[in-house]
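Subject: Structure handover

Hello,

Here is the structure you asked about. Please open it next to this email and follow the notes below.

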Amino acid sequence: MSKFTPVIDRSRDEHFMRLALDQARLGAAQGEVPVGAVLVRDGEVVGSGFNAPISRHDPSAHAEMVAIRAAAEAAQNYRLPGTTLYVTLEPCSMCAGLIVHSRIARVVYGASEPRAGVAVSQGRFFEQNFLNHWVRVEGGVLAEECGAVLKEFFKARR
């Protein structure tokens, strides 16, 4: 059970998740694993990105990292309070740490990541008592569509 009770606007969440899906498809077109993310503040996208570790030669270039870095650069601030991160796949531990350190208010993800997701699948990172910032988490938004993009990508590679 989360420490917060989020106010959920499902149609808004689906709108921004579709933008994250667009990012995922851009990544797939470049041969990257299709995960996309958009960071939103006050109804405006302030950062976006897709997985790019192959093309950037950077193992940390996950979609969340790319979107958060773009938003921080644009804001000229390493903290991004009042923002919501929409990502097509449940965040991993590396990205979860960045989300907390960035002071993102809310994460909305699409598909679960049973092997490495830390929102719920392999632990509940965002609920740990040692954290100095609490993040609200909502999973499963357009989960089938988000999962389908990944399945199609890997099916085509086999």
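His-62 sits in the loop that runs between helix H2 (53-56) and helix H3 (63-75). Helices here are DSSP runs of type H or I with at least four residues, strands are E runs with at least two, and both are numbered from the N terminus. This is a predicted model, in which local features need pLDDT of at least 70 and side-chain atom pairs count only at pLDDT 80 or more, while totals for chains, interfaces and linings use all residues. Residues are numbered from 1 along each chain as its sequence is written, and side-chain values use heavy atoms, with hydrogens and water left out.

The cut-offs are under 20% relative accessible area for buried and over 50% for exposed, with partly exposed in between (1.4 Å probe, protein chains only). Setting aside residues up to four places away in sequence, His-62 touches Asn-51, Cys-92, Met-94 and Cys-95. A contact means heavy atoms within 4.5 Å.

Cys-92 lies in the loop between E3 and helix H4 (93-101). Its relative accessible area is 15%, so Cys-92 is buried. Apart from neighbours within four places in sequence, Cys-92 is in contact with His-62, Ala-116 and Val-118.

Cys-95 is one of the buried residues of H4, along with Ala-96, Gly-97, Ile-99 and Val-100. What covers these buried residues includes H3, E3 and E4. Just after H4, Arg-103 takes a positive phi of about 65°.

Next, the sheet. In what order do the five strands of the open sheet lie? The order is E2-E1-E3-E4-E5, and the pairing is mixed. Two strands pair if DSSP finds at least two bridges between them. Strand E2 (44-50) and strand E5 (136-138) are the edge strands, and each pairs on one side only. On average, neighbouring strands of this sheet are turned by 15° against each other, direction ignored. For such angles, axes are lines fitted to C-alpha atoms (for helices, over the stretch in contact), and the angles run from 0 to 180 degrees between N-to-C directions.

At one end of that order, six bridges join strand E1 (residues 36-41) to E2, and the two run antiparallel. Ala-37 has Gly-49 as its bridge partner in E2. E1 and E2 form a hairpin with two residues between them, and Asp-42 in the turn has a positive phi of about 50°. Gln-23, in helix H1 (residues 10-29), contacts both Ala-37 and Gly-49; its other contacts, beyond neighbours within four places in sequence, are Gly-36, Val-38, Ser-48 and Phe-50. Gln-23 has 15% relative accessibility and therefore counts as buried.

At the other end, E4 and E5 run parallel and are joined by three bridges. Val-107 lies in strand E4 (residues 106-111), and its bridge partner in E5 is Val-137. Val-107 counts as buried because its relative accessibility is 0%. Beyond neighbours within four places in sequence, its contacts include Leu-85, Pro-91, Ile-99 and Glu-138. Pro-91 is 16 residues from Val-107 in sequence, and their C-alpha atoms are 9.0 Å apart.

Glu-138 is in strand E5 and, at 15% relative accessibility, counts as buried. Its side chain is joined to that of Arg-10 by a polar contact of 3.4 Å. A polar contact is a pair of N or O atoms within 3.5 Å; within protein, one must be able to donate a hydrogen and the other to accept it, and residues adjacent in sequence count only if both atoms are side-chain atoms. Helix H5 (residues 143-157) lies across strand E3 (83-89) and E4, running at about 60° to E4.

Last, the confidence. The chain has a mean pLDDT of 95, and 95% of its residues reach 70 or more. Here pLDDT is the predictor's confidence in each residue, from 0 to 100. Over residues 1-5 the pLDDT is below 50, and this stretch has eight contacts in the model beyond near neighbours in sequence. Where pLDDT is low, the predicted coordinates should not be read in detail.

Regards
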